Amino acid sequence: MQKIKQPVKIIVMGPTGAGKTSFINLAGGAQLQTSAGLESCTGKIQVAPPFSLDGYSVSLVDTPGFDDTTKSDAQILSIVSEYILSEYDKGNRFSGVIFLHRISDNRVGGTALRNFRFFCQLCGKDALPNGAIVTNMWGEVSEEVGRAREEELVQKDVFFKPALDAGAKMFRHDNTVEGAHAILRQLVANRPRTLLLQKEIIEENKHISETAAGIALLGELALAEQKFREQMRELLKEIDEAIAQNEEEERRELEENRRRLEAQEEQAKADQRMILEAPGRKARGLKKLRNWIVSWIANGGCMSRSP
Ligand SMILES: Nc1nc2c(ncn2[C@@H]2O[C@H](COP(=O)(O)OP(=O)(O)OP(=O)(O)O)[C@@H](O)[C@H]2O)c(=O)[nH]1
Ligand SMILES: [Mg+2]
């Protein structure tokens, strides 16, 4: 009989629609919901039921991607960080972090890059050797086109090169169970490592806004806000012109754009507040302590483990 080794946890990341949930379902026979439409599907962390691979009990962790159509980037950062911090508290480390990328995309857009940067900032250079960049959807492009894109991704500093230089590996996923298992086999025996975001918040006692991921997101939000303000100035000029020339229909359309822009600007501000005002580790610790005391009292003062 094969001896069951240490349980293994592997995080799966990537933009909305990259195929994260499909990969997890295929690899472990889970039945998490996937999406065929444009709207993002996985809005929270989902841990698939563990399955056995070469004697390892493997749990794949599904994450929502940046540019989720229902959640802001700040909410995604908060969801992912809450999860990895609670795993740290339980003593769990990650043997792998997978970043999925569709080779069928004819260009690497801002969303894919934002997600990739988050993958790097989450892992940090110490945990990137446990990172795996997995390209999929090879059936959607010719071998020649796919290979040329892969080469560019591997060689350019703006794409995957820095992560690969730091020790991340790159794999092709052929959308088969065997293919998924072949990739996971390269990760299961890794030494489980602490991620940079865990290290920053727990070991270095940083607030989320002071972490690499938090700083990058705040920078992006500030830039977005500035862009919205510039667009608004232009729009207000155009509205004035439409009013002066009695262009009623044009004015109504521009007003509609203005409302959309105001909502986007408000969202960028709300996201910045969400990161800056997130409870720090100490507050989280106090909440944990309070919850523990409540359970301790509820159990008649006989809990064996401290918080
Ligand atoms: N051809 C092809 N299609 C795939 C592959 N993986 C996923 N898909 C399809 O891509 C679509 C999106 O897949 P999901 O697994 O829901 O993607 P996701 O990354 O979990 O998306 P969110 O949960 O919205 O972030 C679905 O229609 C899948 O059937 C693949 O390897 N090849
Ligand atoms: Mg999903």
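Two strands pair if DSSP finds at least two bridges between them. Helices (H or I, at least four residues) and strands (E, at least two) are DSSP runs, numbered from the N terminus. Keep both in mind for this tour.

This is a predicted model: local features need pLDDT of at least 70, side-chain atom pairs count only at pLDDT 80 or more, and totals for chains, interfaces and linings use all residues. Residues are numbered from 1 along each chain as its sequence is written, while chains are lettered from A and ligands numbered from 1 in the order in which they are written.

**Whole chain**

Show the cartoon. The chain has 10 helices and 7 strands. Of its 307 residues, 31% are buried (20 or more other C-beta atoms within 10 Å of the residue's own; 12 or fewer is exposed, in between is partly exposed; C-beta atoms are placed from the backbone).

**Strand β5**

Select residues 96–102. This is β5, and 7 of its 7 residues are buried. Colour one side: G96, I98, L100 and R102. Then colour the other: V97, F99 and H101. Both faces are covered.

Find V97, which stands opposite G131 in β6.

Select residues 110–127, helix α3. With β5 and β6, α3 makes a right-handed β-α-β unit. To check the hand, point the strands away from you: the path from the first strand over the helix to the second runs clockwise.

**Helices α2 and α7**

Select residues 73–89 and 196–203. These are α2 and α7, packed at an angle of about 70° with axes 10 Å apart. Axes are lines fitted to C-alpha atoms, for helices over the stretch in contact, and angles run from 0 to 180 degrees between N-to-C directions. α2 and α7 are therefore roughly perpendicular (65 to 115 degrees).

Show side chains. S81, I84, L85 and Y88 in α2 meet L197, Q198, I201 and I202 in α7. That contact has 6 nonpolar, 2 polar and no charged residues.

**H181**

Which helix holds H181? Select residues 177–188: H181 lies in α6. H181 is partly exposed, because 17 other C-beta atoms lie within 10 Å. Beyond neighbours within four places in sequence, H181 contacts A27 and L53 (C-beta atoms, placed from the backbone, within 7 Å). Last, pick D54: its C-alpha atom is 9.6 Å from that of H181, though the two are 127 residues apart along the chain.

Methods:
Parallel < 35°, antiparallel > 145°, perpendicular 65-115°, else oblique. Contact = placed C-beta atoms within 7 Å. Nonpolar A, V, L, I, M, F, W, Y, C, P; charged D, E, K, R; others polar.
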